[in-house]
Amino acid sequence: MTDTQKTNLLGLSPEKLVAFFESIGEKKFRATQVMKWIHQKGAESFDEMTDVSKKLRAKLEGICEIRAPEIVTQNISTDGTRKWIIRTEGGNNNCVEAVLIPDGDRATLCVSSQVGCSLDCSFCSTGKQGFNRNLTAAEIIGQVWIAIKSFGPMDPNGPRRVTNVVMMGMGEPLMNFEPVVDAMTLMMHDNAYGLSKRRVTLSTSGVVPRIYDLVKRTDVSLAVSLHAPNNELRNELVPINKKYPIEELLAACQHYLDNLPDKRHITIEYTVMAGVNDQEEHARQLSKLLENLECKINLIPFNPFPHSGYDKPSNNQTRRFQKILADDGYTVTVRTTRGDDIDAACGQLVGDFMDKTRRSQKYIELRQVAE
């Protein structure tokens, strides 16, 4: 067995790790031992696993590996935000980005699920870069592993260096279903990262059938990138809406909530763009649209990027929009822009990869025509 055929244990879910050890004739408890060494203590080699026999360590060395994605760069913003450019399998042109945002005793890690994005939301710079491929579970959970290790040796008894994880980085998580579910399972498992199901959030642009599948597999928190209060506008901003319109999306969200074991809400993400979706009538439409859904609303002022065609709204306009919703009884927050000096703000993650869709080339050509 060559190195390229070795099983990367970093990305195996708890169930798959148990199955792997059974497949090589070992007891189930070995999976627990190894999982703790990898995800709680940050072991990079089997030699570090001192409570595992030398014989088994040698056996694992021959057929397994613990391989995280390669860090290309780490940048730290003036506000403490950290951004990593991470090289995935496939060479130099397959890089994604992950961002850690500190906030008091909280630290939220924004994790990517695809190299690029398989969708093409009109206001997102990541989407304009096109799409290359889905990330593996090891490449997804590897972002959590990298972020925690960036603070020094991992200590399961020390303070949490990552308290929240949001699947809001590059890509549409529900278009990479199995690896994302495996990675989130590790995030929440007591023998791995032990995060609360309320502190692991998957954000989707509205892949409706997969929302129904998701609740059968996990009970993470759900966020929906809505960005418009009606189908006509959302068709323009979020093209997947043409396939799964708002009514179907909200029905899927309600089904998700109804099938959770506890009372929860959906987070509605709404990127506010000047003169596009920020008018008082839009706020009233949004209020009416969401009146029967248990939710909170997160307003995200648009972060400009070259030739996007959209502008950031004024603070006053955003606050007026917020007030209309708040007066109707909604919990509404306005997301503070963090890490924009290192291009780590929402909608600014672009990575560096070979676009298989030619979407990036078409976008460049349109920009050239406009100029």
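**Entry 1: Gln33**

I looked up the side chain of Gln33 and found a polar contact of 2.8 Å with the side chain of Arg30. By polar contact I mean a pair of N or O atoms within 3.5 Å; within protein, one must be able to donate a hydrogen and the other to accept it, and residues adjacent in sequence count only if both atoms are side-chain atoms. The model is predicted, so I note that local features need pLDDT of at least 70 and side-chain atom pairs pLDDT 80 or more, while totals for chains, interfaces and linings use all residues. Residues are numbered from 1 along each chain as its sequence is written, and side-chain values use heavy atoms, with hydrogens and water left out.

I placed Gln33 in helix H2, residues 29-39. Helices (H or I, at least four residues) and strands (E, at least two) are DSSP runs, numbered from the N terminus. Gln33 is buried, at a relative accessible area of 15%. Here buried means under 20% relative accessible area, exposed over 50%, and partly exposed in between, with a 1.4 Å probe and protein chains only. Setting aside neighbours within four places in sequence, I found Gln33 in contact with Asp51 and Val52; contact means heavy atoms within 4.5 Å.

**Entry 2: positions annotated in UniProt**

I consulted the UniProt record, an unreviewed entry, which gives the feature "binding site" at Gly171, Glu172, Ser203, Ser225, Leu226, His227 and Asn303. UniProt positions are in the numbering used here, feature names are shortened, and annotations may be inferred rather than shown by experiment.

I examined Gly171 and located it in the loop between strand S9 (164-167) and helix H6 (177-188). Gly171 is buried, with a relative accessible area of 17%. Apart from neighbours within four places in sequence, its contacts are Ser113, Gln114, Gly116, Cys117 and Thr126.

I then turned to Ser225, which lies in strand S11, residues 221-225. Ser225 is buried as well, at 11% relative accessible area. Not counting residues up to four places away in sequence, Ser225 touches Ser203, Thr204, Ser205, Arg234 and Glu269. With Ser203, the side chain of Ser225 makes a side-chain polar contact of 3.4 Å.

**Entry 3: helix H10**

I asked which residues of helix H10 (280-289) are buried. They are His282, Ala283, Leu286 and Ser287. These residues lie on the same side of H10, because they cover an arc of only 140 degrees around the axis; the arc is that of the directions from the helix axis to the C-beta atoms. The buried residues pack against helix H8 (231-237), strand S12 (266-272), strand S13 (295-301) and helix H11 (315-327).

**Entry 4: aromatic rings**

I searched the whole structure for aromatic pairs and recorded 3. Rings of Phe, Tyr and Trp (its six-membered ring) pair if their centres lie within 6.5 Å; planes under 30 degrees apart count as stacked, over 60 as edge-to-face and the rest as tilted. One of the pairs is Phe20 with Phe21, edge-to-face, at 5.6 Å centre to centre and 85 degrees between the planes. Phe20 is buried at 12% relative accessible area, and Phe21 is buried at 0%. Phe302 and Tyr310 also form an edge-to-face pair, with 6.0 Å between centres and 70 degrees between planes. Phe302 is buried at 2% relative accessibility, and Tyr310 is buried at 12%.

I also looked for charges over rings, meaning NZ of Lys or CZ of Arg within 6 Å of the ring centre and within 35 degrees of the ring normal. Arg82 lies over the face of Phe151, 4.0 Å from the ring centre. Arg210 lies over the face of Phe177, at 4.3 Å from the ring centre.
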